[in-house]
Amino acid sequence: MHLGLGAFYRAFGAVYVEDAARIPGGDWGIIGVSLQSPGTRDRLAPQDFVYTVVTQNPDGGETFRKVEIVQDVLVAPEDPEAVLSAMSDPAIRIVTLTVTEKGYCHDPATGALNFDHPDIIHDLEAALPRSAPGFLVRALERRRDAGHPPFTVLTCDNLPENGKLVRRAVLDLAGKLDPALSDWIASDGRFPSTMVDRITPATKSEDIDRLAQKIGYRDEAPVLCEPFRQWVVEDDFVPAYGAEARPDLAAAGAEMVADVTPYENMKLRMLNGTHSSLAYLGYLAGHETIAETVADPVFAGYVKRLWRDEIIPSFTAPEGVELEAYADALFERYSNPSIRHRTWQIAMDGSQKLPQRILATIADNLAAGRECPGLMLAVAGWMRYVGGVDEKGQPIEVRDPLADKLRALSDAAGATEQKVAGLLGVREVFSARLAADISTPVTAAYGQLSALGARKAIEDML
Ligand code: CS2
C-alpha cells in the first residue's frame, strides 16, 4: 500500500515496484491511498488506475511509459475503515509513504511527534484516524490483534533518517494508546530509511492536452519527470516474511545498503538544499522555474559556490561517490529546459523543509568555524518570501502550514532587525541556539535583499 499517491511516487516508486513485479516470481501490486482529497482517485479510476509516465529529456524529446501496477486508490477521509481494513490484510507486506514533510505531524526542529497537532489529538481519541501516523498505528494494532506480522513501513519523503523519524512518530503515538502495542511494533516492525530522487514537476492542464495530441490517447493523470532516478534503500524489512518481505528492488535498479545516512545527507543538502535556496531567491528575482533560474549566470555562480564552499565541506560523502561530479550532474539536471519545475512549487512548506535542507548545513559549518554567506542569504530569502510580498510589490501566495503565523510575525515588525528576530523566534524551525548563532549574518543578508533585490544581493556576495 502507498499512503499519499501524488505525482512523485507515481513517477518514482511505482516504476521501480512495477519493474520488480515483472521479474519472475515478482507477484506485487500497489493499492494507493489519498489521505486528503479524491482528485487522484477520480482521475485514475475511469482509466483503471493506468497512467503515463512522461520522461522529459533536455533535447525536448519525451518518452512515454504506461504504468499498470496500481490496482486501486482509496480516499481516507471518505472511508477510513476501508483503508484500515486493507492495511490490516496480511497480504500487504509494505506500506510506503510520500505524505510530505508535514504529513508526519512532527516538530521539524526536534523530530518528536507533535501531540498538539489537531490530527494527532483526533487520532488519540477516535478509532478511525486522520493522520499518516494514526493509520499506521491503528492498522498495526489490528494486525497484532489478529496475530499477523506487522508490515514494513518504508517512507519515501525527503527527511533525514526518515525511517527513524517515522518509527519515532509511530512509537510515540502507539505508546500513548497502548504501551504493549508500542513494544510489539518496536521489536517486530521495521522502518528502513531511504533516499529518493527524481525531479517531478506538477502536471498542468495544458500538459494533459498536449500529451493527448502527442500520444494518441487522453490520459487525465499523466506524471512528468526527468530521466534521472535514484533510490537507495536500507535492506531491513520485516523478517517474519522471509524472502517475500519485499520486491526485488535491486533488480529494478535500487541500491540496497546497510546505512542510508550518507546518501540522505548528500541528497538533502546538495539537491534539496540548493533547490530551496534557488526557489526563494529565484522567485524573488522573478524567475519562474529552476531551469530559468540557473540559466541566469548570477544564480549559476551562486549555486556552484554553495556546493563548493558551503555544502560539500559540511558532510562526509558516501563511499565511492565523487561529490564534485555529483554537483556537476545536479547542475545539468537543473538546467534541463524541458522540466518546468516552478520555484513556487519548491518554495512550498518551507517551515518544514528548512531545518534539514539548509539549517543543519549551516550549523555544521558554524561548528567547524566556516562562514556560509550563501546559505544565510537563502534563509533571509525565505524570510522575505514568507513576508508575502515580492520585489515588485506583488502578493506571493505562500503555501505553508505556518503561513499565517509567519506572515503575522513579518507584518508586526517594523525594521529589518525586528522582522528577522521575530522569525528566528519560530521554534518549530530554529532552535534557540541556532537562532542566536545566525542572527547577525541573517539580519545583514535580509538588509541586503531589501535594499538591492535578490539578484544584486547575490552578485554582491559573490
Ligand atoms: C523539491 C523536491 O519540491 C521540492 O521541495 O526540492 O521535490 C525535489 O524535486 C525532489 O526531492 C527531487 O528528488
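A residue is called buried when its relative accessible area is under 20%, exposed when that area is over 50%, and partly exposed in between (1.4 Å probe, protein chains only). The model here is predicted, so local features need pLDDT of at least 70 and side-chain atom pairs count only at pLDDT 80 or more, while totals for chains, interfaces and linings use all residues. Residues are numbered from 1 along each chain as its sequence is written, and side-chain values use heavy atoms, with hydrogens and water left out.

Asp328 sits in helix α13, which covers residues 323-335. Helices (H or I, at least four residues) and strands (E, at least two) are DSSP runs, numbered from the N terminus.

Next come the paired charges. Side chains of opposite charge can pair when their charged atoms come close. Here a salt bridge means a side-chain nitrogen of Lys or Arg within 4 Å of a carboxyl oxygen of Asp or Glu. Counted by this rule, there are 34 salt bridges. One of them joins the side chains of Glu62 and Arg210, at 3.0 Å from N to O. This pair ties together distant parts of the chain, 148 residues apart: Glu62 is in strand β4 (residues 62-67) and Arg210 in helix α9 (residues 205-215). Glu62 counts as buried because its relative accessible area is 14%, whereas Arg210 is partly exposed at 32%.

Arg210 has another partner, Asp207, with a salt bridge of 3.8 Å from N to O. Both residues belong to helix α9 and lie three residues apart, about one turn of the helix. Asp207 is buried, with a relative accessible area of 14%.

A further salt bridge brings together the side chains of Arg142 and Glu81, at 2.9 Å from N to O. Again distant parts of the chain are linked: Arg142 is in helix α6 (residues 132-146), Glu81 is in helix α4 (residues 80-88), and they are 61 residues apart. Arg142 is partly exposed, because its relative accessibility is 29%, and Glu81 is partly exposed at 34%. Elsewhere, Glu18, Asp19, Arg22, Arg65 and Arg229 are linked in a network of salt bridges.

Some loops are worth a look too. Ser193 lies between α8 (179-188) and β8 (194-197), and it is buried because its relative accessibility is 4%. Its side chain reaches the backbone nitrogen of Gly163 at 2.9 Å. That is a polar contact, meaning a pair of N or O atoms within 3.5 Å; within protein, one must be able to donate a hydrogen and the other to accept it, and residues adjacent in sequence count only if both atoms are side-chain atoms. Ser131, in the loop between α5 (118-125) and α6, is buried at 3% relative accessibility. Its C-alpha is 6.8 Å from that of Ile120, and the two residues are 11 apart in sequence.

The loop between α3 (39-44) and β3 holds Asp48, and Phe49 lies in this loop as well. Most residues other than glycine have a negative phi. Asp48, though, has a positive phi near 55°, and the phi of Phe49 is positive too, near 65°. Is each of these two buried or exposed? Asp48 is exposed, because its relative accessibility is 60%, whereas Phe49 is buried at 12%.

Strand β3 (residues 51-56) contains Thr52. With a relative accessible area of 1%, Thr52 is buried. Along the chain Thr52 and Glu220 are 168 residues apart, but their C-alpha atoms are separated by 9.3 Å.
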